[in-house]
Amino acid sequence: AEPLVVTLYGPEYSDASILLIGLALYRIFQTQSNPLMQTVKGLDRPDVAVWIAAGTLALNIPLGIGLTLQIGAVGVVIGTVIAEAVKYLAAAAWIRRTDPKIDIIPRTIFKQTLSGLVMAGAVALLHLWIPVRSWVGLLVLVGAGAGFYATCLLAVSSRLRYTVVSVIQDADINRSI
């Protein structure tokens, strides 16, 4: 995170790298809690969704303020990450209790997580040999990361392979018309 922040914004912002990590973690939780909240609403329980959202807000505000006063700006990010994780857990628990047949963590998420872990490991190893001292090093690492992620996901996901092949075949058909 630090080389990324320094390359994009300059060395005076190097301390903000921890904020970038926290915001990325928040986005991970958010991308998972949003579909669960939509599921709660789709099960005709907007009241439960409101209670979960209100509880999350009621946790986030005092936690963010308290942590900010204790440890600074990173405290608000930590508070937000914790609150979003609680929202995910609350929605997942309610859905699981309401209808145990609903798959809270689809197999696709496991495949994406595996691919992300492979990508992170590969980029970490590459970073040992390719320092980020300029845009070139940064772009090489980001591009390699995207390549590792896509390759791994294509290897483990038959659904993605099918989709890619279908798109390519449709493009070939449209070109020949």
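The largest pocket has a volume of about 1,000 Å³. The model is predicted: local features need pLDDT of at least 70, side-chain atom pairs count only at pLDDT 80 or more, and totals for chains, interfaces and linings use all residues. Residues are numbered from 1 along each chain as its sequence is written, and side-chain values use heavy atoms, with hydrogens and water left out.

What is a pocket here? On a 1 Å grid over the protein atoms alone, a pocket is an open set of points where a 1.4 Å probe fits, with protein on both sides within 12 Å along at least five of seven lines. Lining residues have an atom within 4 Å of a point. Grid points are joined across faces, edges and corners, and the volume is the space filled by probe spheres set on the points.

The lining of the largest pocket has 26 residues. Ala24, Ile28, Gly116, Met119 and Ala120 lie nearest the centre. Four helices each supply at least two lining residues: H1 (2–9), H2 (17–42), H5 (107–129) and H6 (135–156). Helices are DSSP runs of H or I, at least four residues long, numbered from the N terminus. By type, the lining has 19 nonpolar residues, seven polar and no charged. Here Ala, Val, Leu, Ile, Met, Phe, Trp, Tyr, Cys and Pro count as nonpolar, Asp, Glu, Lys and Arg as charged, and the others, Gly among them, as polar.

Helix H5 also holds Ser115. Is Ser115 buried or exposed? Ser115 counts as buried because its relative accessibility is 0%; buried means under 20% relative accessible area, exposed over 50%, and partly exposed in between (1.4 Å probe, protein chains only). Leaving aside neighbours within four places in sequence, Ser115 is in contact (heavy atoms within 4.5 Å) with Tyr149, Cys152, Leu153 and Val156.

Now to the nonpolar core, a set of buried Ala, Val, Leu, Ile, Met, Phe, Trp, Tyr and Cys residues joined through side-chain atoms within 4.5 Å. The largest one has twelve residues, among them Leu36, Val48, Ile52, Tyr88 and Trp94. H2, helix H3 (46–71) and H4 each give two or more residues to this core. H4 gives the most, with five. In soluble globular proteins, nonpolar side chains tend to be buried together. Core member Ile52 touches Met37, Lys87, Ala90 and Ala91, its neighbours within four places in sequence set aside.

One joins Lys87 to Glu84 (3.8 Å, N to O). Both residues lie in helix H4 (73–98), three residues apart, about one turn of the helix. Gln30 sits in helix H2 and is buried, at 16% relative accessible area.

The other salt bridge pairs Asp47 with Arg45, the closest N and O atoms being 2.8 Å apart. Asp47 is partly exposed at 36%. Arg45 is partly exposed as well, at 34%.

Finally, look at Asp44, in the loop between H2 and H3. Most residues other than glycine have a negative phi. Asp44 has a positive phi, near 60°. Asp44 counts as exposed because its relative accessibility is 61%.

Methods. Salt bridge = Lys/Arg side-chain N within 4 Å of Asp/Glu carboxyl O.
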